[in-house]
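Here is a short briefing on charged side-chain pairs. Look at the structure, then read on.

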Amino acid sequence: MVSPESRKTIFVVGLGMVGIAFIEKILNLDTSMKYKVVTCGEESHLAYNRVSLTDYFQHRNVEKLYLNPLEWYTSQDPSRFEFFLNEAVVSISPSDHTVTTSTGRKVSYDICVLATGSDAIVPDFVDRGVKGVFAYRNISDLNALLQYSDLEGVKGEPTAVVGAGLLGLEAAKALCDLSHIPSNVSIIGRKAYPLNRQLDESGGEIVLRRIEALGVRFIGNVEPTALVTSRNTDGEEVLEALQLTNGSIVPCKVAVFSIGIKPRDELALESGIVCEGSSSGTRGKGVKVDDELRTSAQDIYAIGECASWNGRTFGLIAPGVEMADILAFNLTQTETEVGEYAKRKMNTPDLSTKLKLVGVDVASFGDYFVDQMHASRSSTKISRISNPSAASSAPLSHNQQEPLKSMKPTIWEVSDLSDGKNTTTESGPIMTRTRAKDVSGVQLQAVDTETKSVKSKADASSPRKRHGLAANLEAVGVETLTYRDPFAGVYKKYIFTADGKYILGGMMVGDTGDYVRLLALVKKKKTLEVPPSQFIAGSSAGADDGADLDDDTQICSCHNVTKGQVAACVRDGADSINTVKQKTKAGTGCGGCVPLLTSIFKAEMVKSGHEVNNNLCPHFAMSRAELFNVTKIKKLKTFTDIMSSVGVNKDSVGCEVCKPAIGSILASLWNEHIMNPAHHANQDTNDRFLANIQRNGTFSVIPRIAAGEITPDKLIALGTVGKKYNLYTKITGGQRVDLFGAQKADLPSIWKELIDAGFESGHGYGKALRTVKSCVGTNWCRYGIGDSVGLAITLEERYKGVRSPHKIKGGVSGCVRECAEAQSKDFGLIATDKGWNVFICGNGGAVPKHAVLFATDVPPSKVVRIVDRFLMYYIRTADKLMRTARWLEQMDGGIERLKKVLLDDELGICAELEQEMDELVGTYFDEWKTVVDDQERQKQFRQFVNTDERVSSIEPIVQRGQLRPANWAKSNPEVLLKKEDIPGSRESWKWRRLAKVQDLTPSTAGTTSAAVKYGDSHLAIFHIPRRGYYATQQMCPHKRAFVLEHGIIGDDPNSGNIYVSCPMHKLEDDGSDDISILLPEPEDLDQVIGTKRWVVKRDTAKALDGEDHDIDGVEIVGPNDEKGTVGADGCGSTCGGKLDW
């Protein structure tokens, strides 16, 4: 945070719509508070909405037009914002960095921003001193018009508006409101119909009809040439009529000229700042700015209607606000705490408009004249590419190319065809299309094949590629869909690429309800998901719950699932949407049927008299989200607290479903060490030992390498550890280095060396943040816009260790080339020339899901908070083991609902979510460092508590110079172990002391366990609070991995029966500090569960799978030395291929 005395001063010249927009954005984006903003406005009013000037005639209250109330100004920190009214800047000294105002005030600045706006154009023949002649630009103009119109001899007399563009129709509406007699108002236009710069002839005709229906007179294809005046009794010249080019006279006591605007650049010219036409002394052409809106004077910028970019000025508010966006961004966001960001550059602005003019709704969006321009460019030839007809849905053949993918990227731009004249006319600039910069860096130009002259030139100031579209209109062509209803006064024309995949632009009259949706499709350049006809004709209405569908109606085309199959599944007992998906496969393909599938499922559940059950498990009659809230509100800190408070059976042990889920909830809320006795029993094997268990019982070690950035010294440290402990080493897709094959007993020693080298836990074992992948961004890449590495490191460092319902991964790409694959992550950020685009709820894995665009053009200083809200809301509300993609799929309202909650703060919880994330990340500690620093915790990593011996359960083999475990057989012989297989009678078994009580660290908070070695056999011992000690074999009978000690102990909440995989012996505590087990002699037990007997070997696996025909014979040994030999043909001696013991 910068102190007030060290802040730089930004002086904003002008307090209009663009000036205040820039001020708001600077104050919002300047989170480090490095600037103080000073401004002055020449009017006595605060910044007001000029677009709504016509409303002033209704209420006559300028405060209703204020963009911000007076309280907003007075509530600002005076050390950051200062403003003055009725005070104009009269001079600027670029050399001294000072401005002087009309009151004599002199202000020093570090940065000066010109936002002086524009003046109305009045024809040369017009004398502004004639009474009855008015412009239509500001409150002063309107007050003068109101006062004059109310005079005797003027009131109720004919009036005229010169100009039939946007401003002209606004002025006509004002005159209608003044006279209350629309027939007294005439509109004079140069074309045959109004709004010729926004509408084609058919659309303009509809507007013309609507205007004339109001009684307003429209006079087209003419211009005024002279004022017809007289003198009043005071000798003043007053207006009587207008003379037109066709010689006719239009009587009018009031004439409002609204034919266009000219930039106010006189202050810049007088200050020596270069303006368009300044070499010839011409004014009103605009202050010249470059792509970063810099003028010729150092530290002086120009924005809004006064600025001339690429020889063009813009008379709409949207381009001015865009300029304010760009400048505010560049002054605040290029260097932030989350890294550097490329400066934004000015691109051709969007000139779409939506207004209500003279009572008529009118809108134009995108490239709304592209069909006319495409038809007229016959002199420019570009080879067409073969593609299916617009009506065909057949796939492309092997020798055809997808036209929108095979061509270089282009966008559609707007340029003025006024032969260098940059004055914006009455209706705005003419629309043309230019081609964008080729991705290879080659400038593309359209050349007239007859004159060889360059027709248009693209702006190559910044990368122009947009997500989802690479189009070439000349190659693909365009088609239009038109709807005209003269009875209702409705006209729509939408322009599409000829293949119907993209909408390019359009116009609307009378009905503009789809404007926002269609404009968004144009801006995103997104492939259409519905046929073009649906935008005009609409879609057929159908019941969302599928009630009107027959049972044989296919609802999932991917897997050919019918409505009847879903209904039958529900009748057969499926009580969750996931169960229906698993049994029918519906919704597991593209996912497009999921909304309908969910509706049908809910309807069928109601029909069957069932309630949708989303209980966590039999131990808790509530969902994970409900349990999360209960735990948070009641401040429950342990599993036993939660079970006794809200469990079905307060004395239950829990199960393998609820224990990890509650462990995750507790970690997300309180973040205590998961190896604490109160939490250790809740963890799956990976979390229990802070490492991913592998199939041979060893573990992988994954240190954090934030954003994939690593120093050579750390790489050397990883290599040293890998060699010392003989670990298999691999670089992962998450830009980390995994070390495989670490024995459990070695984990603390390995991590001690890694921590000493500067590493910390990568949480590859937890349902937590794994990685935030990044490209090199602006650090090295010539295409980089955003500092993807810096932001990825910031995000990974922020969310490291945060537990969630499922693992979460992130990605940050520094430009739209998307090298970090951010759109396949739970959260992904992609840099554009306007800021970060935020994608959420994507994932890879067994059911991959493309991420969804959530927020666009987010300033770097704001992006972390959006991710905060998203992750915390997911942690709060998702079901157990639910990835973010499935969470969004099942959310009522989907992405739009999520936007309302997290972006619009509809529920008022965003500040709370941010605070919770701040508190959670503030509790971070390195779990492995805690273990390394605690000798007692390290004891839990022993393979056996009664010996230091180490035994491997799978034969190691060498592959490509590294050790890895031998493969499991694809089909192991089925094994049924019985007590009868152990030689001798049970009466000969003895109690044998194999462990100490402290080896299991028993606790009333949860179960504990340990492994012991007895002869060649491995045994697992468990302590269950209030139940005593239990034991079983250590070997999993299915995969022959010696890991059952790691398993979670559960019980049935009704019967109380305890279970763990394949329990074998019940133990009893003899009352001493020792733990004894009733066992046969070691050699007798070894014949049944001895390690050597069950070790997985490569040759055995190959023989069982029939893969290796060079093996003469592999002996398979079972209890009591029963043997089967598998020969080269893969068939065992029993001919059954499997032995049953």
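A salt bridge here is a side-chain nitrogen of Lys or Arg within 4 Å of a carboxyl oxygen of Asp or Glu. By this rule the count comes to 57 salt bridges. The model is predicted: local features need pLDDT of at least 70, side-chain atom pairs count only at pLDDT 80 or more, and totals for chains, interfaces and linings use all residues. Residues are numbered from 1 along each chain as its sequence is written, and side-chain values use heavy atoms, with hydrogens and water left out.

**Arg950 and Asp746**
- Arg950 and Asp746 form a salt bridge at 2.8 Å, N to O.
- Arg950 lies in the loop between α30 (935–938) and β41 (956–959), and Asp746 in the loop between β35 (737–742) and α23, so the pair ties together parts 204 residues apart in sequence. Helices (H or I, at least four residues) and strands (E, at least two) are DSSP runs, numbered from the N terminus.
- Arg950 is partly exposed, at 41% relative accessible area; Asp746 is buried, at 15%. Buried means under 20%, exposed over 50%, partly exposed in between (1.4 Å probe, protein chains only).

**Glu322 and Arg344**
- A salt bridge joins the side chains of Glu322 and Arg344 (3.0 Å, N to O).
- Glu322 sits in helix α8 (residues 317–332), and Arg344 in the loop between β22 (339–340) and β23 (353–357), 22 residues apart.
- Glu322 is buried at 17% relative accessibility, and Arg344 is buried at 5%.

**A network**
- Salt bridges that share partners join Arg798, Arg865, Asp868, Arg869, Glu914 and Asp918 into one network.
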